Amino acid sequence: MKNLQARLAALSPEQRALFEQQLMRKTMSAQSERAAQQIPRREHNRPSPLSFDQERLWQLHQEAPDLPTYNVYGAIRLKGSLQLKAMEWAVNEIIRRHEAWRTVFRVVDGEVRQVVLPELLLQVAEADLTYTPQGELEQAVQQAIGEEVKRPFDLEKGPLLRVKLVRLSEQESCLVLTVHHLVTDRVTFSIVFEELTEHYRAFLQGEGSKLPPPALQYADYAEWQRSYLQGDVRGKLVDYWQKKLAGSAYVLQLPTDFPRPQVQSHRGARVFFTIPEKLADQLKAVGQREGATGFMVLLAAFQVLLHRLSGQEDILVGTPVANRGRKETERVIGYFLTSSVLRTQLHGQLSFLDVLKCVRETAVEAFAHQELPFRLLQEALALPEDTSRNPVFQAMFVYVDVDDRPLQLPGLEIRYDLLDAGTAKYDLTVGLVERECGLECFFEYSPDLFLDATVGEFAANWLRMLPKIIENPAGKICTLYA
């Protein structure tokens with residue numbers, strides 16, 4: 001990696017541009033080859049195998065089925081009069097159209113299978129807080145939301161989603177959507193919000209759904225993936241990742257406040273903060289001058305922080321990837337998400353621009369090889385089992401910069417709540433979401449390892465570093481935390 005950094009640093013701007021063009025052509029060629037192999041519709045309604053990452057998630061759920069670790073949730077504040085029947089019909093139209101949201105998971109002949117229920121009708125639950133004293137209302141709302149998103153799901157019986165309306169007054173309410181991760185991901189939520197908008201309007205106008213039927217269902221993808229990731233396709237992906245991660249310790253030694261438990265409890269907490277719009281734009285500008293995205297700039301800054309905290313020069317960070325490179329999967333509801341591993345080797349004498357160049361190169365390569373499910377990567381690495389920490393990496397970087405279509409319901413003003421369900425999958429996760437005000441951020445952490453004040457200081461240190469990057473990106477990274 002250090003040799004790669006030296007070679008990149010020695011390239012002229014023209015040589016670097018040519019190198020990046022060649023890399024981009026290689027990536028596009030791989031994407032075109034993948035796209036040429038269409039995903040067929042399955043010709044049966046029998047129980048289907050899980051996708052590789054679904055199977056991993058199912059196994060993790062079995063280890064702690066009573067915990068909400070893999071609940072995905074959102075809370076939407078509504079101002080105006082919500083038509084409950086319209087919302088309920090809209091939700092059930094989504095369930096009717098998309099098999100993933102009427103799927104349960106059962107062991108059939110000794111193997112876990114996804115079973116699509118022929119029909120499923122969901123009722124929107126209600127909680128009435130309209131008579132709660134004003135001074136106690138917000139606390140009551142947070143308690144109601146917390147109880148809802150923390151309830152575990154029964155994977156065998158289903159349903160694997162819940163919708164609840166919390167009424168605050170005649171003109172204010174909160175819609176809480178909770179889904180098990182086995183049947184959803186971030187892109188799924190975007191599809192759901194778009195369809196909710198269309199179905200809700202159609203009901204109010206006395207019309208039926210006008211959306212075309214989905215061209216593909218998630219179980220089609222899962223069956224195809226099992227046959228696709230074999231032979232040379234799988235071998236080439238495994239070979240790339242084994243070489244990319246060779247020699248890593250696979251352990252991030254952050255300074256903890258408490259001894260590490262022998263078994264992860266997955267208890268979690270969050271520290272929320274904001275990166276103002278001006279600062280976020282300035283960081284993006286640093287990246288643009290170097291041909292890097294905002295994701296890459298903030299990831300490089302996060303890895304510098306981890307280098308400072310751990311004292312390690314070889315940093316592995318996980319990041320979620322949509323894994324929807326094929327056109328057929330763009331509008332499919334389900335769990336396509338996988339985790340990619342981004343490795344950076346750095347030391348205090350490197351400049352931030354050196355680190356950024358390495359991150360850019362690593363990210364482009366990683367995204368070109370994202371089709372290897374994390375479960376298969378674990379198998380290929382064959383690391384010793386360690387129940388005390390997440391395998392391969394213990395820090396996660398989540399950056400949401402896509403322009404999702406927001407939920408738009410007639411007669412209603414909408415805003416989203418940032419929630420903390422009290423769970424954590426990793427030692428430390430940074431989450432960033434682009435908003436008009438800048439970047440809404442949180443550090444999610446394990447309270448088994450860290451005090452709240454400690455993680456608050458991690459966040460404060462990171463925020464102090466960011467203006468220094470803007471002031472002198474060519475300066476050595478050791479000066480960023482001096």
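Analyst: This is a predicted model. Start with a pair of helices. Helix 8 and helix 11 cross in a left-handed way. Helix 8 covers residues 231–245. The axes of helix 8 and helix 11 come within 11 Å and cross at roughly 155°. Angles over 145 degrees count as roughly antiparallel, so helix 8 is roughly antiparallel to helix 11. Which residues meet there? From helix 8 come Tyr-240, Trp-241 and Lys-244. They meet Thr-362, Glu-365 and Ala-366 in helix 11.

Helix 11 leads on to helix 9. What covers the buried residues of helix 9 includes helix 11 (352–368). Strand 7 (269–276), helix 10 (294–310), strand 13 (438–445) and helix 13 (452–471) are also among the elements that cover them.

Now helix 9 itself. Helix 9 has 13 residues, 277–289. At 1.5 Å a residue they should span 18 Å. The end C-alpha atoms are 19 Å apart, which agrees.

Which residues of helix 9 are buried? They are Leu-279, Ala-280, Leu-283, Val-286 and Gly-287. Seen down the axis of helix 9, these buried residues fall within an arc of 115°, so they line one face of the helix. An α-helix has 3.6 residues a turn, so residues three or four places apart point the same way.

The other side of helix 9 is another matter. There, Lys-278, Gln-288 and Arg-289 are exposed. Just after helix 9 comes Gly-291, with a positive phi of about 70°.

Technical notes: Residues numbered from 1 in each chain as written. Predicted model: local features only at pLDDT ≥ 70, side-chain atom pairs only at ≥ 80, totals over all residues. Heavy atoms only, no water. Helix = DSSP H or I, 4+ residues; strand = E, 2+ residues; numbered from the N terminus. Expected span 1.5 Å × (residues − 1). Buried < 20%, exposed > 50% of the residue type's maximum accessible area, 1.4 Å probe, protein only. Arc of directions from axis to C-beta. Contact = heavy atoms within 4.5 Å. Axes fitted to C-alpha atoms, helices over the stretch in contact; angles between N-to-C directions. Parallel < 35°, antiparallel > 145°, perpendicular 65-115°, else oblique. Left-handed = near helix turned anticlockwise from the far one by under 90°.
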